[in-house]
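Please look at the sequence and the structure shown here. The report after them goes through the fold part by part.

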Amino acid sequence: MKYDYLVVGSGLYGSIFAHEARSHGKKVLVIDKRSNIGGNVFTEVIEGIHVHRYGAHIFHTNNKKVWDYINQFAVFNRFTNAPIANYQGQLYSLPFNMYTFNKMWGVVTPEEAAKKIGEQKKIAVITEPKNLEEQAISLVGTDIYEKLIKGYTEKQWGRPCKELPSFIIKRLPVRFTFDNNYFNALYQGIPMGGYTKMVENLLDGIEVRLNTDYLVNKATLDAQADKVVYTGPIDAYFDYKYGYLEYRSLKFETELLDQPNYQGNAAVNYTDKETPWTRIIEHKWFEFGKDDNGNEVPKTVISREYSSEWKPGDEPYYPVNDEKNEKLYSVYKGLADAEDRVIFGGRLGEYKYYDMDAVITAALDVCVKELEA
Ligand code: FDA
């Protein structure tokens, strides 16, 4: 065999596996059906700005081992996620904190804010929430729900909150402080020079073939490697023989604007139902408006993000982990377990939402089993 491993997919999972396999002296070929490496963390440079083509990616983790690992391949900047909510032109801080409560009710102290939320929860008298609307109101009261949750969530899921199950929102962090940092992570940032550069560093010295669809060339590719690490959709691997696993999809409308500053923040969520998009990302603010040489960028790039129904052929983004899809996944998982030459991994191979740090952990765990056994 020419290669020990054929890695299908150059996203984080595939690239980490490939890097580790090579470090263990294995011969590796990485293929991707896209024309670029990096999978969904891919960033492309437009006018000196790293544009997150498949949605905004902010690295955050509490796992020091993962943080130390990924820092071998990139230097991270000090970006912290502090999104803004735009409700019919009024701006609120997200997550819900003292800035939000002051803007919403004019309250000044944490005690006043807690009292206000408590009163609204009491009026709503919900003991056992039957749907997402009741769940949200029972956690944060009616005003925050109506202005900051309802419209956004309905756009995201394409259904009224009353028809969505309550388990989608397990908790809604409410902070009685002025902390605007969205994530409660110890480590956070954006790789300087872009995610694509970080993945390039992971794949340094490894043969990569782009525009190569494994499933179209399966027999030929299989014949070249002892084992396959497959990070594409698990149902596609089995030719959808038991049906399609469902996803929510996204559409992005990206525009280069001849102005230095469009919204003054990386992420603004549109929480009213009248605005068709869910949020606007202004990519330059992930890097404080500067290019790789530290110069101010005179233009800006924005992406309007729309949530959309997924149909076969669309880009899969968020798995719909309801009972029906989980059952179908377990059928495919049974078939996958019987393929002893193939490792299925990553968000599509395992039909699972993974944050970047979690996908790194999963890939490293499999490396230990596979390469150090
Ligand atoms: P990924 O999808 O990246 O890679 C799979 C690769 O396989 C793709 O390149 C694909 O082209 C290739 N492939 C598929 N089928 C193939 C075939 N038949 N032949 C060849 N190649 C094939 N996480 C986080 O920590 N912070 C964040 O802010 C975000 N933000 C975010 C926004 C959005 C909109 C989404 C959907 C997700 C996030 N994430 C995130 C999660 C993050 O995107 C995720 O953890 C990683 O992209 C997962 O990497 P994988 O390698 O598993 O999949």
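Which residue in β14 is the bridge partner of E282? The bridge partner of E282 in β14 is I302.

This is a predicted model, in which local features need pLDDT of at least 70 and side-chain atom pairs count only at pLDDT 80 or more, while totals for chains, interfaces and linings use all residues. Residues are numbered from 1 along each chain as its sequence is written.

Helices (H or I, at least four residues) and strands (E, at least two) are DSSP runs, numbered from the N terminus. Two strands pair if DSSP finds at least two bridges between them. Strand β13 covers residues 279–282, and strand β14 covers residues 300–309. The table lists pairings that involve β13 or β14.

| Strand pair | Sense | Bridges |
|---|---|---|
| β12 (residues 267–270) and β13 | antiparallel | three |
| β13 and β14 | antiparallel | four |
| β11 (residues 247–257) and β14 | antiparallel | ten |

N269 stands opposite R279 in β13. I281 has S303 as its bridge partner in β14, and L250 stands opposite S307 in β14.

In a regular strand the side chains alternate between the two faces of the sheet. In β13, R279 and I281 point one way, and I280 and E282 point the other way. R279, I280, I281 and E282 are all buried. A residue is buried if 20 or more other C-beta atoms lie within 10 Å of its own, exposed if 12 or fewer, and partly exposed in between, with C-beta atoms placed from the backbone.

The loop between β13 and β14 contains F288. F288 is not a glycine, yet its phi is positive, about 60°. F288 counts as partly exposed, because it has 13 C-beta neighbours inside 10 Å.

**The parallel sheet**

An open sheet is formed by five strands in the order β9-β2-β1-β10-β16, with parallel pairing. Its edge strands are β9 (207–209) and β16 (342–344), and each of them pairs on one side only. From one strand to the next, the twist averages 20°. Axes are lines fitted to C-alpha atoms, for helices over the stretch in contact, and angles run from 0 to 180 degrees between N-to-C directions.

Helix α1 packs on this sheet and touches β1 (3–8), β2 (28–31) and β10. The direction of α1 makes about 165° with that of β1. Two residues are in contact if their C-beta atoms, placed from the backbone, lie within 7 Å. Strand β10 (residues 225–230) pairs with β16 in the parallel sense over three bridges. In that pairing, V228 has V342 of β16 as its bridge partner.

**The ligand**

The ligand is surrounded by 35 residues, and the closest are G9, G11, G39, G232 and G346. A residue is near a molecule or strand if its C-beta atom, placed from the backbone, lies within 6 Å of it. The elements that give two or more residues to this shell are α1 (12–23), α11 (346–349) and α12 (356–371). By class, the shell has 17 nonpolar, eleven polar and seven charged residues. Here Ala, Val, Leu, Ile, Met, Phe, Trp, Tyr, Cys and Pro count as nonpolar, Asp, Glu, Lys and Arg as charged, and the others, Gly among them, as polar.

Domain bounds come from an automatic or database domain assignment. The protein is divided into domain 1 (3–78 + 187–245 + 319–371) and domain 2 (113–168). The C-alpha centres of domain 1 and domain 2 lie 36 Å apart.

Why is helix α5 (residues 132–140) described as largely enclosed by the rest of the structure? Seven of the nine residues of α5 are buried, so the helix is largely enclosed. Its buried residues are L132, E133, Q135, A136, I137, L139 and V140. They pack against α4 (110–124) and α6 (142–157). After α5 comes G141, with a positive phi near 85°.

**Two other loops**

E47 lies in the loop between β3 (43–46) and β4 (49–52). The phi of E47 is near 50°, a positive value in a residue other than glycine. E47 is partly exposed, with 15 other C-beta atoms within 10 Å.

P95 lies in the loop between β7 (90–93) and α3 (98–105). The peptide bond from L94 to P95 is cis, with omega near -5°.
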